[in-house]
Amino acid sequence: MLNLEGFISSDRMFAPPHPLAENLMRHLPDVQVASSEEVREIQLRDRIPGLVKRLIPLNPLTAWEYWWCVPGRILLPEDMELLNNDRNRVEEILSQLVWLLGGHCFSDRTPMDGDSSPLDDWQQVLAFVEATGVKPDLLDIDFFPTAIEPRPLFPSSNMSDEITEDNENWENYVAIEPGHWHIEFFQLEPIEGGFAIVQPKQLCSCQIWTGKPFIKNVKTGETITRYDLWVSCPHDLISPLGYHY
């Protein structure tokens, strides 16, 4: 088993308990069938948290935890207190991953194809986020394992001329995404009884890659770096196990 002492110490792997832990498993209607007003009313009445704990893999045997908000719910004051108290620990882990592998930052105006210069300082990542006009109140962190897609669907926008000209021959390409961590930054706004994510959400992310994502032409061997292939799926666990959202 990989010894991570000295890099990310074992005592930093665990998120603190939720002050309303006894209410985490209380029932709320599915956001697909209930209105946001109904969900909010029940949350406030029964003090049901808007958070769930995610386990983010570092390797097959080691994962670290953080609290993430459940889509469709508001954040209670107790949720915000927990997030604020745990923010330094989470950013410490992310800063070590950025230092180790580099972080590639993207906004609406950042090209998604071609080589990107990674940042190795978490404070530089936060400066990029602030420069886009986003206040990073909330972090959404996912781990995506390595994936190979023989028949990729290329993005419809931000496409290079080379790929556009070869649109009719997509079957000539294979897409490769090495394992990576994807961090999205969200801004919050106060609402009655708590806080909610500002909508519409502005694109602002940091991707920490273990290798370079690319497409390769199976006939010519030509490779093109792309950071928007989306051929992998998040591989995160939720705690308590069996919890769904």
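Mentor: Let's start with a definition: helices (H or I, at least four residues) and strands (E, at least two) are DSSP runs, numbered from the N terminus. This is a predicted model, where local features need pLDDT of at least 70, side-chain atom pairs count only at pLDDT 80 or more, and totals for chains, interfaces and linings use all residues. Residues are numbered from 1 along each chain as its sequence is written, and side-chain values use heavy atoms, with hydrogens and water left out.

Trainee: Thanks! Where is R47 placed?

Mentor: R47 sits in the loop between α1 (36–46) and β1 (51–59).

Trainee: How should I read backbone angles in such loops?

Mentor: Most residues other than glycine have a negative phi, and most peptide bonds are trans. Here R47, which is not a glycine, has a positive phi of about 55°. W230, another residue other than glycine, also has a positive phi, near 55°; W230 belongs to the loop between β12 (223–225) and β13 (237–239).

Trainee: Which peptide bond is cis?

Mentor: The one from Q199 to P200 is cis, with omega near -5°. P200 lies in the loop between β9 (194–197) and β10.

Trainee: And how do I read burial? Why does R47 count as partly exposed?

Mentor: Buried means under 20% relative accessible area, exposed over 50%, and partly exposed in between (1.4 Å probe, protein chains only). R47 counts as partly exposed because its relative accessibility is 26%. Now look at strand β3 (residues 104–107), which is covered on both faces: H104 and F106 on one side are buried, and so are C105 and S107 on the other.

Trainee: How many bridges join β3 to strand β10?

Mentor: Two strands pair if DSSP finds at least two bridges between them. β3 and β10 (residues 204–209) pair in the antiparallel sense over 4 bridges. Within β10, S205 is the bridge partner of F106.

Trainee: In what order do the strands of the open sheet run?

Mentor: Its 3 strands follow the order β2-β1-β13, with antiparallel pairing. β2 (62–69) and β13 are at the edges with a single partner strand each, so one side of each has no neighbour in the sheet. From one strand to the next, the twist averages 35°. Axes are lines fitted to C-alpha atoms, for helices over the stretch in contact, and angles run from 0 to 180 degrees between N-to-C directions.

Trainee: What stands opposite R54 in β13?

Mentor: I238 does, and β1 and β13 pair in the antiparallel sense over 3 bridges.

Trainee: Which helix packs on the sheet?

Mentor: Helix α2 (residues 77–101) does, touching β1 and β2; contact means heavy atoms within 4.5 Å. The direction of α2 makes about 140° with that of β2.
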